[in-house]
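Reader: I'm new to this one. Could you show it to me and then let me ask how you know what you say about it?
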Amino acid sequence: MLFHTWVFAVFFLIVYPVHLATRHTRLKLPWLLFASYVFYGWWNPLYLLLIITSTSADYLAVLGMSHSRRKKPWVALSVVINLGMLGFFKYAGFVTRSLNDLFAALGVPYAVPVPDILLPVGISFFVFQSMTYTIDCYRGQMDEEPNFIRYATYVSLFPQLVAGPIERSTNLLRQLRETPKITRHDVADGLSLFLVGLFKKRALADYLALYVDHAYARPDQFDGLALLLATVAFGWQIYFDFSGYTDMARGLGRMMGLRIMLNFNNPYLATGLGDFWRRWHISLSTWFKDYVYLPLGGNRKGEARTYVNMALTMVISGLWHGASWTFVIWGGLHALGRVATRKLEMTRFYIEQIPTAVKRLLVFAFVTFAWIFFRARTVGDAWLIVRRIFGAAWADPRFPLLALGLLAAVWAYQWIYESRLRGALLGSAPVRIALAVFMALYVAGCCGAADKAFIYFQF
Amino acid sequence: MSDKIDLRFGSNDVRLSPREWVIALAIILAVLGLAPLVWPFVEPLHIEPDHRLPFRLGNDYYTYGRLCRAAAAQGRTLVVGDSVVWGHYVPKEETLSAHLNRLDGREDFANLGVDGIHPAAMLGLMDHYGHAIRNRNVVLHCNLLWTGSARHDLSTEKEFAFNHPTLVPQFSPRIPCYREPFGERLGIVIERRLPFHAWKKHLQIAWFSGSDLASWTLEHPYDCPVEAVTLQLPSPNEPPSPRPDARPWTEQGITKQGFAWVELDTSLQWRFFRETVELLRGRGNRLFVLVGPFNEHMLTDDSRQVYADRKQVVEDWLKANGIPHFLPDPLPSALYADASHPLAEGYKLLAKQIFDNAAFIRFTHSEKGTP
């Protein structure tokens with residue numbers, strides 16, 4: 001069920017009034033859980049078995065922890081079950097294909113059968129969210145949740161279930177313990193967030209996808225400039241797609257009286273790669289920081305180890321996104337970028353002497369280059385695109401002027417948003433109203449069919 | 001644990017207060033509601049003699065609704081049906097309604113046929129876009145071709161793409177060959193109740209080659225979309241594409257065929273036709289049903305016998321329900337282009353037969369609604 005479809009509108013129009021009516025009663029959690037399972041089961045009811053397994057494993061692990069002197073086996077059990085599930089559904093095919101490639105390269109006349117497994121939507125998100133609770137309890141940062149329904153609701157809450165933000169139990173689970181206060185300002189705020197998200201998804205991401213899909217499907221048929229523009233367009237597409245989903249998720253949460261964490265903070269205005277990762281997919285970046293980078297030692301074990309930890313975290317983060325070498329390379333590129341620029345970004349020269357606009361452009365250029373590997377179907381395609389961008393002739397790219405205009409407007413808007421001009425632009429009620437009316441009418445009148453899923457659903 | 005979780009409102013939000021939302025929603029709803037109503041003042045619909053829905057606008061139900069309003073406002077008798085009424089093989093001056101007008105000596109009959117439509121879709125078309133013709137005289141064409149096979153009847157279990165899927169009943173009765181997901185069907189049910197949606201589709205069909213704006217700009221990257229809206233609708237005489245072979249069926253290499261007629265008791269299309277009749281009668285329309293004339297020359301002997309039985313069932317139902325009707329004799333073989341479409345001379349002969357029919361004469365003299 002996609003947020004921008006009629007079926008979700010009908011779903012929410014049923015769920016929301018009941019939520020408002022039951023939020024002070026004992027029915028609040030069962031209703032939210034039921035709604036969330038309907039939402040998730042809409043794709044395939046069998047997927048519910050996975051989410052119930054993950055939920056039960058972590059709930060029981062924490063229960064076991066609280067009744068046992070030795071906590072480690074319980075947390076290990078949770079990690080094994082969750083990562084085992086993720087590994088099987090997400091990486092089994094990748095591992096077997098890679099093994100077969102290796103066998104072929106070594107001349108070994110054997111091929112491991114490649115399992116044909118359908119990747120359940122959003123598995124990487126809810127598995128991480130559920131595991132977080134167990135680890136936090138193990139670390140003593142979160143208290144045990146006695147109510148299974150509440151815990152299951154936390155893991156499966158429909159606004160952020162399939163593409164995040166990956167919420168922490170310390171935030172969302174605690175909110176679920178309280179009666180949500182919903183004011184008309186919450187409803188207005190929720191609508192505001194939802195509308196911006198809807199516009200990002202329908203008017204921008206889906207639009208840019210038309211050009212990007214075309215170019216990346218047959219890169220050999222496009223020249224350098226078209227592929228460059230397609231790559232830049234993809235950078236914006238994935239941002240609008242993912243942050244649009246997040247905005248809608250946060251808006252729905254807000255209307256329901258829940259505060260879901262910020263996940264994107266104008267990442268293309270970052271002035272360094274470190275800054276970029278503090279602004280892009282914040283919930284995942286902080287997850288990897290807390291549960292991978294810091295347990296590896298973080299920056300406490302010397303400089304060399306810091307770089308190794310940083311690089312490892314980035315590569316694992318790349319692999320989290322997808323079971324393919326293209327994602328590993330993408331993570332590797334960011335690892336290299338971080339290692340190469342970490343010190344530089346801390347120098348006074350970089351901070352004070354290089355104009356902000358130049359820093360932003362450099363970061364954008366690097367991130368965009370790395371997106372080539374994220375988006376390309378194969379490593380071969382990615383190399384072809386790189387070669388053609390830098391080597392092939394540049395002809396008329398036939399990139400729509402309307403798309404260019406929208407991108408320029410959005411870039412300018414974000415720039416203004418982070419500048420002192422923000423007050424002048426958004427401080428005026430007529431401007432806010434005009435922007436909201438424009439976005440709503442543009443989505444209603446100018447966008448195509450609402451049938452494109454969110455990119456991050458595949459992760 | 002990382003720094004405190006960031007629960008800030010947004011990072012590039014447009015944050016409206018409740019009061020501002022009320023104003024914004026009022027403006028949005030006003031625009032959505034008024035655009036389809038105001039548009040006819042912007043884009044005039046020039047009704048020509050013997051006008052019909054331009055072929056390119058065959059899926060443009062907004063324009064069809066405007067045609068209905070224009071014809072109803074003139075108090076005309078509306079000829080409703082599929083491509084036989086529309087006149088697939090003939091120019092607009094040679095259609096059934098055009099010949100009826102010629103015999104009548106005035107522009108009394110309006111062509112409200114739609115090329116490519118079938119009874120299931122006709123029911124939806126009348127239900128959602130044909131409100132304007134309530135209380136008018138309607139000549140409704142019944143084409144039994146649509147019961148000529150399980151595929152025509154839409155009762156086959158094998159999925160296939162048929163015309164006008166957004167007009168057919170989405171949930172009940174179940175159409176076995178229609179397998180759209182639940183969400184799509186729900187969307188269709190909602191959207192066909194929104195005049196804005198029909199208007200938006202009209203803009204897409206009439207000015208943007210049937211695409212949404214985003215897709216259109218991919219094909220026309222440097223063109224201004226506003227300039228594409230020339231406000232000159234296609235001509236009703238624009239021939240179908242691909243251009244049909246307007247020769248007698250025998251000259252096209254078509255041979256006699258045995259149709260796998262569907263039992264009318266179980267036929268979906270016959271059911272939808274009856275529901276269309278009931279819908280129109282419920283809206284105060286005075287109906288005259290024209291059954292056929294089917295190209296019986298094209299049928300094998302066995303098939304012709306079954307067709308005769310089906311025709312009898314249809315006639316019995318029309319009689320039982322007190323609906324004036326006419327089942328003309330088959331036209332001469334050379335006047336058909338295919339199984340059900342007459343050629344120009346065929347329409348002329350058919351119009352004459354109809355005009356001589358006593359039930360039709362009584363029908364045309366019955367009271368018409370006031371414009």
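Author: Helices (H or I, at least four residues) and strands (E, at least two) are themselves DSSP runs, numbered from the N terminus. This is a predicted model, where local features need pLDDT of at least 70, side-chain atom pairs count only at pLDDT 80 or more, and totals for chains, interfaces and linings use all residues. Residues are numbered from 1 along each chain as its sequence is written, and chains are lettered from A and ligands numbered from 1 in the order in which they are written.

Reader: How do you know that β4(B) pairs with β5(B)?
Author: Two bridges join β4(B) to β5 (residues 325–326) of chain B, and at least two is what pairing asks for, so they pair. The two strands run parallel, and Leu290(B) stands opposite Phe326(B) in β5(B). Between them the chain passes through helix α11 (residues 301–320) of chain B, in a right-handed β-α-β crossover.

Reader: What makes a crossover right-handed?
Author: Point the strands away from you: if the path from the first strand over the helix to the second runs clockwise, the crossover is right-handed.

Reader: Which residue of β4(B) is the bridge partner of Leu140(B)?
Author: Val289(B) is that partner. Strand β3 (residues 137–142) of chain B runs parallel to β4(B), and six bridges join them.

Reader: Why is strand β4 of chain B called largely enclosed?
Author: Five of the six residues in β4 (residues 286–291) of chain B are buried, so the rest of the structure largely encloses this strand. A residue is buried if 20 or more other C-beta atoms lie within 10 Å of its own, exposed if 12 or fewer, and partly exposed in between, with C-beta atoms placed from the backbone. Across chain B, 44% of the 371 residues count as buried.

Reader: Is Leu154(B) buried or exposed?
Author: Leu154(B) has 23 C-beta neighbours inside 10 Å, so it counts as buried. Its phi is near 65 degrees, a positive value in a residue other than glycine, and its place is the loop between β3 and α6 of chain B. Most residues other than glycine have a negative phi.

Reader: And what makes Arg398(A) partly exposed?
Author: Arg398(A) has 17 C-beta neighbours inside 10 Å, so it counts as partly exposed. Arg398(A) also has a positive phi, about 50 degrees, though it is not a glycine. You'll find it in the loop between α16 (379–391) and α17 (401–417) of chain A.

Reader: Which peptide bond is cis, with omega near -5 degrees?
Author: That's the one from Ser172(B) to Pro173(B). Pro173(B) lies in the loop between β3 and α6 (182–191) of chain B. The bond from Ser241(B) to Pro242(B) is cis too, with omega near 0 degrees.

Reader: Why is α9(A) called roughly perpendicular to α15(A)?
Author: Helix α9 (residues 224–255) and helix α15 (residues 356–375) of chain A pack at about 85 degrees, with their axes 9 Å apart. Angles of 65 to 115 degrees count as roughly perpendicular (under 35 is roughly parallel, over 145 roughly antiparallel, the rest oblique), so α9(A) is roughly perpendicular to α15(A). The axes are lines fitted to C-alpha atoms, for helices over the stretch in contact, and angles run from 0 to 180 degrees between N-to-C directions.
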